[in-house]
Amino acid sequence: MAVTTKIEMQDICVEFPGVKALQDVNFSFESGHVTALVGANGAGKSTLMKVLSGVYNHYTGQIYLDGKPVEIRNPNQAKDFGFETVYQEVDTALVSTLTVAENIMMDYLARGLGHKQLVDNKYMRAEAKKVLDEIGVEIPLNMIVEQLSMAQKQMVLIARAVLRNCKFLILDEPTAPLSNAETEKLFNIVRGLRDKGVGVIFISHRLNELFEICETMTVLRDGRITEANVKLDENISIKNIVEMMLGRAFDEKLDRSGRVIGENALEARGLTEKTGLVKDINMYVRKGEIVGISGLVGAGKTELCKTIYGAYGRFDGELLIDGKPVNFKNPQQAVKAGIALIPEERRKEGIIVGETVATNMSMATLSKYTGFLSIVNTAKELESVKRLIEAVRVKTPSPKQRIENLSGGNQQKITIGKWLDSDAEVYIFDEPTKGIDVGAKQDVYKLIVELARQGKAIIYSSSEQSEILQLTDRVYIMYGGKIQKEFNTDDVTEEKLLLYSTGGKENE
């Protein structure tokens, strides 16, 4: 039987300019268990875990390991104490130009060579294959990471963490890019690690998952622990958890009234991406209408969004904007034609994480603030940014705050808000609520409905069937890069969405 290890955090505080991210947090857990850490965006979950993983070294308070005080001031110290973290932003933790084996064996390349100058590629591939086999994942070892799907990238990170024989594994939104089958595979891996004595801290906004994989739950709100070690059993519901997170009653109802459905804003006829990522797409979206694109991970939803946006260059078939044919060779042409994309990977493609809120909010409309010699009128820019911050309800102490210090929900609001002063008439949302809490989701939904009330055409791509049913007027279901079926949303159920998403038909 594995020896139990206990970690205790006492009076932990973390501050950023203008923000108290954590205030007197007391948190403890033991190896051999799976515990959930939940809270609204900005509650301090990721900040607390980054203290444990050595990313934030400016914390105050004390950390104890089996009753002995320890200092965790850098990632190497955290690893030496047995802490491993799989972050939500997978691309920031991978080297995109290296192979799967090299990324899994990153510690070997960075710390394990000693005085050697030559890499033992045979050993590296063998060890990488061993850990992939252990977690039941098949990915070619020599494949370059930038060619992987989001789900595959997540599995590479999990494999890397498992390889290090960690005592505590922190999973920050690990299932966000995964399909149901991949999620169940991950849960089996987590259960196996738990049974081997590893302590797992599970952060997820998919609250139904907590009951499947976690034994207890701790709630953070506004940088403080409000509920500790709550047992997840039949006496607690998802609604209870949401109200603990928000500190108030929660109403899931969404008012979509006040919209007028107009003429076609966008229409695709036989639209095909030249390499076959999406094929023979026939669809339309009208002004004031919210049209869903439903399907499982890998169905081609993101590829369809990017094809329309010109991200893959010119396409085959026809695309009409307000009845006029277009064929974009790049996103710049799509933007000029009135198309805005809120991408799935917001930190990689939607925002510049090292810049300020103001810079990100104005980047899509910077020409409106420039004059002679392209000099930016900063006063005019700041006035507009402040209005947009208020419009999308971003929580930030200042427009000059670096966006990397904000929660995922606030980052997503900025990704949307930067387009509000543009001339966009068609908004494409690709998995816009991935990794954000229920409160922030409702804010995003309301923003989308308000855009539709203004006569904007909305394409809403999501693998969450409940979102499609709650938000959209019509839905196209994708499978294998093609549209399988179209429904009026009122005429479809989650079961039908899932049936067609897996390539099935009703008469089968």
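Visitor: Hi! Quick one to start: does Tyr-500 count as buried or exposed?
Guide: Tyr-500 counts as buried, with 6% relative accessibility. Buried means under 20% relative accessible area, exposed means over 50%, and partly exposed is in between, using a 1.4 Å probe and protein chains only. This is a predicted model, where local features need pLDDT of at least 70 and side-chain atom pairs count only at pLDDT 80 or more, while totals for chains, interfaces and linings use all residues. Residues are numbered from 1 along each chain as its sequence is written, and side-chain values use heavy atoms, leaving out hydrogens and water.

Visitor: OK. How many aromatic pairs are there in the structure?
Guide: Seven aromatic pairs. Rings of Phe, Tyr and Trp (its six-membered ring) pair if their centres lie within 6.5 Å; planes under 30 degrees apart are stacked, over 60 edge-to-face, and the rest tilted. One of the pairs is Phe-29 with Phe-168, edge-to-face at 5.1 Å centre to centre and 85 degrees between the planes.

Visitor: Which parts of the chain does that pair link?
Guide: Distant ones: Phe-29 is in strand E2 (residues 19–30) and Phe-168 is in strand E7 (residues 168–172), 139 residues apart. Helices (H or I, at least four residues) and strands (E, at least two) are DSSP runs, numbered from the N terminus. Phe-29 is buried at 8% relative accessible area, and Phe-168 is buried too, at 1%.

Visitor: And which residues do ring pairs link into a cluster?
Guide: Phe-27, Phe-29, Phe-83 and Phe-168.

Visitor: Switching topic: what is the order of the strands in the open sheet?
Guide: The four strands run E12-E11-E14-E15, with antiparallel pairing. Two strands pair if DSSP finds at least two bridges between them. E12 (281–286) and E15 (324–326) are the edge strands, each pairing on one side only. On average, neighbouring strands here are turned by 20 degrees against each other, direction ignored.

Visitor: Which helix packs on the sheet?
Guide: Helix H10 (residues 301–308), which touches E11, E12 and strand E14 (316–321). The direction of H10 makes about 110 degrees with that of E11. Axes are lines fitted to C-alpha atoms, for helices over the stretch in contact, and angles run from 0 to 180 degrees between N-to-C directions. Contact means heavy atoms within 4.5 Å.

Visitor: How many bridges do E11 and E12 pair over?
Guide: Five, in the antiparallel sense, with E11 covering residues 264–272. Leu-266, for instance, has Val-285 in E12 as its bridge partner.

Visitor: What about helices H5 and H6, at what angle do they pack?
Guide: H5 (residues 121–134) and H6 (residues 150–163) pack at about 105 degrees, with their axes 9 Å apart. H5 and H6 are therefore roughly perpendicular to each other. On that scale, under 35 degrees is roughly parallel, over 145 roughly antiparallel, 65 to 115 roughly perpendicular, and the rest oblique. The H5 side of the contact is Glu-127, Val-131, Leu-132 and Glu-134, and the H6 side is Ala-159, Val-162 and Leu-163.

Visitor: Last one: where is Glu-215 found?
Guide: In the loop between helix H8 (207–213) and strand E9 (216–221). Glu-215 counts as partly exposed, at 27% relative accessibility. The C-alpha atoms of Glu-215 and Ala-36 are separated by 7.8 Å, though the two residues are 179 apart along the chain. Leaving aside neighbours within four places in sequence, Glu-215 is in contact with residues including His-33, Val-34 and Arg-194.
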